[in-house]
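Please open the structure in your viewer and keep the selection tool at hand.

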Amino acid sequence: MSEIYNIEPFKNDAIEKAAAESSPVLDNGPSTFLTQLLGFWVTFRTMFKKPNTVQYPEVKEPTAPRFHGRHQLNRHPDGLEKCIGCELCAWACPADAIYVEGESNTEEARFSPGERYGKVYQINYLRCVFCGLCIEACPTRALTMTNEYELADDSREKLIYEKQDLLSPIHQGMIMPPHPMAPGADEGSYYRGEVKGVQQ
Amino acid sequence: MGLIVGLEEKLPSGFVLTSVEKLAGYMRKNSLWPATFGLACCAIEMMAAGAGRYDLARFGMEVFRASPRQADLMIVAGRVSNKMAPVLRQIYDQMAAPKWVIAMGACASSGGMFNNYAIVQGVDHVVPVDIYLPGCPPRPEMLMDAILKLHEHIGDAKLGVNREKVIREVEAAALAAVPTHSLPVFGSSA
């Protein structure tokens, strides 16, 4: 090939020279033993260190406080839902993992203060990338994220979380909706945080 | 993993087979060897799960086998492109039964945010998946949680005639299931 194309074969004089000078057997003299001793010293020293392993299923280390885990649909202090079914979370979602259907509140069945509430709320956790854009998009802080991360399951259906799986539990002072707004309160007073929990 | 090679297939249903099932399940779940199938960023978390801090060796699965012949768990970690799908299937076919699959991360489970022509929309289009693990990428604890859930499945696995019975029941349930196009609309009762 080199004759045809007139290319000189690759040559590096420095490498050839070095190869000729060095002996075939690596002989570093007494330093070999010392370097080995030094290496074993690292191993020996590690035996006295505290193990780094987290014993996971028994010991669960808390995540970072703002870790992006499973979502939660929050409630007002009296138990009404914060979600108004505006679908901004679904619009913000880069993976199209959220499905929302809004519905109008009526005087007989009120789920949230104001006009609308989220009737259907689904998050497909197989699509969700936990980016938190839905949290940023939510105008009422209805949607936030928890630190819960143990979500694995054995079928696709089980990983589509419905509204009842995502809603926050009923805490002290809350009443399960549907129920009317606090007496004298309107939508605005709920958002300004003027409505407190129900005294029982 | 044939515990008593072929014998469990011939045992009649009863306490002997149940004891063999329990023993086989215990041994199988505590000696899972994963095949390396890291495809994207999830593989980094999978490696972290194998390293000292999370230490998969505690569950008897420290060796990630490069040969599918020696592996019985495939952790599909990352997005599977259409071009990779036949390779994935071949690796799965080369694994010796019994074998299990974990779809790790959003991409392997459903395609995740890559809803496009290049990515397989979930590896269950190619191989049967036992555990779906959401997350992008899931942290090592999540992977270990998925593995522990798979351990429960493996521990309860049936053998021989009991297995055939379970398969028949699943088949009958699938035939009797309502097709998706005639399912009731979600949330209509709410």
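**First stop: a cavity in chain A.** The second largest cavity holds about 70 Å³ of space. To find this cavity, select A:His71, A:Cys93, A:Cys128, A:Val129 and A:Cys134, which are the closest to its centre among the 13 residues that line it. How many residues of this lining are nonpolar, and how many are charged? The lining has 11 nonpolar and 2 polar residues, and no charged ones. Please bear in mind throughout that the model is a predicted one.

**Second stop: the largest cavity.** The structure holds 2 cavities of 30 Å³ or more, and the largest has a volume of about 90 Å³. Select A:Cys83, A:Cys86, A:Cys89, A:Tyr121 and A:Cys138; of the 15 residues that line the largest cavity, these are the closest to its centre. The lining of this cavity divides by class into 12 nonpolar, 2 polar and 1 charged residues.

Select A:Asp96, which lies in the loop between α4 (88-92) and β2 (98-104) of chain A. Although A:Asp96 is not a glycine, its phi is positive, at about 55°.

**Fourth stop: where the chains meet.** Now display chain A and chain B together, in two colours. The contact involves 30 residues of chain A and 36 residues of chain B. The size of an interface is often given as the accessible area lost when the parts come together. Here the two chains, A and B, bury about 2,800 Å² between them, and 57% of that area is on carbon and sulfur atoms.

Between chain B and chain A the count of salt bridges is 2.

Chain B has 6 helices and 4 strands, and along the sequence they follow the pattern α-β-α-β-α-β-α-β-α-α. The C-alpha trace of chain B spans about 50 × 50 × 35 Å along its principal axes.

Next, select residues 41-150 of chain B. An unreviewed UniProt entry places the feature "domain: NADH:ubiquinone oxidoreductase-like 20kDa subunit" at these residues. Over this stretch the chain is 33% helix and 12% strand, and its end C-alpha atoms are 22 Å apart.

Select B:Ala97 and B:Pro98, which are joined by a cis peptide bond with an omega of about -5°. B:Pro98 has its place in the loop between α3 (85-94) and β3 (100-104) of chain B. Then move to B:Cys136 and B:Pro137, where a cis peptide bond has an omega of about -15°. Where in chain B does B:Pro137 lie? B:Pro137 is in the loop between β4 (131-133) and α5 (140-155).

Technical notes: Residues are numbered from 1 along each chain as its sequence is written. Chains are lettered from A and ligands numbered from 1 in the order in which they are written. This is a predicted model: local features need pLDDT of at least 70, side-chain atom pairs count only at pLDDT 80 or more; totals for chains, interfaces and linings use all residues. Side-chain values use heavy atoms; hydrogens and water are left out. UniProt positions are given in the numbering used here, feature names are shortened, and annotations may be inferred rather than shown by experiment. Helices (H or I, at least four residues) and strands (E, at least two) are DSSP runs, numbered from the N terminus. On a 1 Å grid over the protein atoms alone, a cavity is a set of points where a 1.4 Å probe fits but cannot get out, and a pocket is an open set with protein on both sides within 12 Å along at least five of seven lines; lining residues have an atom within 4 Å of a point. Grid points are joined across faces, edges and corners, and a volume is the space filled by probe spheres set on the points. Ala, Val, Leu, Ile, Met, Phe, Trp, Tyr, Cys and Pro count as nonpolar, Asp, Glu, Lys and Arg as charged, and the others, Gly among them, as polar. Contact means heavy atoms within 4.5 Å. Buried area is the accessible area (1.4 Å probe) that two parts lose on being put together, summed over both. A salt bridge is a side-chain nitrogen of Lys or Arg within 4 Å of a carboxyl oxygen of Asp or Glu.
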